[in-house]
Amino acid sequence: MARLSYVAILAFVLLGCLWLEVALRTRVLARPRRLLLTLAPVVLVFFLWDAYAVSQGHWWFDTERILGLYVPGSVPLDEILFFVAIPIASILTLEAVRSVRGWSAGDESDGS
Amino acid sequence: MTYTQLGFMAVVAMVVVDLSVLRTRLVRRRVFWTSYAIILFFQLLTNGMFTGFGIVKYHDEAIIGGTSPATGPPAFLGDGRIAFAPVEDLLFGFALVLMSLSLWIFWGRRGLDRTPHAGPPIWRRDDASSN
């Protein structure tokens with residue numbers, strides 16, 4: 001169970017914000033192509049940073065509290081999930097603020 | 001390069017991406033800073049779990065503060081840390097959030113899945129429906 005520590009925190013993050021999709025009608029998951037094209041470059045850039053940091057010893061992980069699965073570059077799979085979960089949480093937050101306040105974010109109409 | 005240097009570079013790079021590359025100019029918008037303030041609170045909370053429980057540890061040659069202890073949590077505040085995490089994580093987090101939101105708005109401006117728009121909250125009557 002300890003190996004699920006890292007992903008449990010990610011689950012906490014997603015539980016903490018996915019309700020916005022229903023309560024505030026953030027409609028982030030209802031726009032899957034836009035979400036995927038947002039996530040892909042973010043995951044790539046931050047994976048590269050992570051792989052460099054791990055190779056240089058900037059940071060490391062308690063191997064008993066991560067899944068134990070790795071992607072190339074010795075980056076734990078947990079970290080890749082982090083780079084997916086945090087952007088989703090961030091976008092949900094932005095759309096939640098927009099839902100409640102109605103403030104412009106610049107993408108409301110053509111040629112804005 | 002150190003984590004400190006990379007953190008500052010990433011923040012500058014993502015501000016340039018936002019202002020000049022994707023031209024989303026989110027750093028000039030109220031909706032961004034309000035969202036970031038909310039995200040920052042939860043970053044301190046959840047990052048505090050990652051670092052306070054020692055799931056992620058840092059080397060002193062890469063950060064302003066000292067190396068994470070082998071056992072037990074690092075300083076909650078001080079020694080270059082805030083809520084157990086290196087202050088550099090604030091730079092990392094800002095860059096991650098700004099890149100994500102800038103790309104999200106960029107695709108919307110390009111017309112990709114611009115709709116359905118967010119809102120209104122379920123407790124407000126939707127203008128467009130009889131609900």
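Two strands count as paired if DSSP finds at least two bridges between them. Helices (H or I, at least four residues) and strands (E, at least two) are themselves DSSP runs, numbered from the N terminus. With that, take strand β3 (residues 81–82) of chain B: two bridges join β3 to β4(B), and the two run antiparallel. In that pair, I82(B) stands opposite A85(B) of β4(B).

Some housekeeping. This is a predicted model, in which local features need pLDDT of at least 70 and side-chain atom pairs count only at pLDDT 80 or more, while totals for chains, interfaces and linings use all residues. Residues are numbered from 1 along each chain as its sequence is written, and chains are lettered from A and ligands numbered from 1 in the order in which they are written.

Back to the sheet. Three strands of chain B form an open sheet, in the order β2-β3-β4, with antiparallel pairing. Its edge strands are β2 (77–78) and β4 (85–86) of chain B, each of which pairs on one side only.

Next, the helices of chain B. How do α1(B) and α3(B) cross? Their axes come within 8 Å and cross at roughly 25°. Axes here are lines fitted to C-alpha atoms, for helices over the stretch in contact, and angles run from 0 to 180 degrees between N-to-C directions. The angle makes α1(B) roughly parallel to α3(B). For the words: angles under 35 degrees count as roughly parallel, over 145 as roughly antiparallel, 65 to 115 as roughly perpendicular, and the rest as oblique. The crossing of α1(B) and α3(B) is left-handed; that is, the near helix is turned anticlockwise from the far one by less than a right angle, and clockwise would be right-handed.

The residues of this contact between α1(B) and α3(B) divide into 13 nonpolar, three polar and two charged. Ala, Val, Leu, Ile, Met, Phe, Trp, Tyr, Cys and Pro count as nonpolar, Asp, Glu, Lys and Arg as charged, and the others, Gly among them, as polar.

The other helix pair is α2(B) with α3(B). Here the axes come within 11 Å and cross at roughly 135°, and α2(B) and α3(B) are therefore oblique to each other. Their crossing is right-handed. On the α2(B) side, F32(B), Y36(B), I39(B), Q43(B) and N47(B) meet D89(B), G93(B), V97(B) and L101(B) in α3(B). Contact means that the C-beta atoms of two residues, placed from the backbone, lie within 7 Å. The α2(B)–α3(B) contact has five nonpolar residues, three polar and one charged.

Now the two chains together. 45 residues of chain B are in contact with 49 residues of chain A. Which elements of chain B supply at least two residues each to that side? They are α1 (3–21), α2 (30–52), β1 (56–58) and α3 (88–109). The largest share, eleven residues, comes from α3(B). By type, the side of chain B that touches chain A has 27 nonpolar, eleven polar and seven charged residues.

Strand β1 (residues 59–61) of chain A and β1(B) pair in the antiparallel sense over three bridges, and F61(A) stands opposite V56(B).

Last, chain A alone. Chain A has four helices and three strands, in the pattern α-α-α-β-β-β-α along the sequence. Its radius of gyration is 17 Å, well over the 13 Å that the globule rule gives for 112 residues, so chain A is more spread out than a compact globule. That radius is taken over C-alpha atoms, and the rule is 2.2 Å times the number of residues to the power 0.38.
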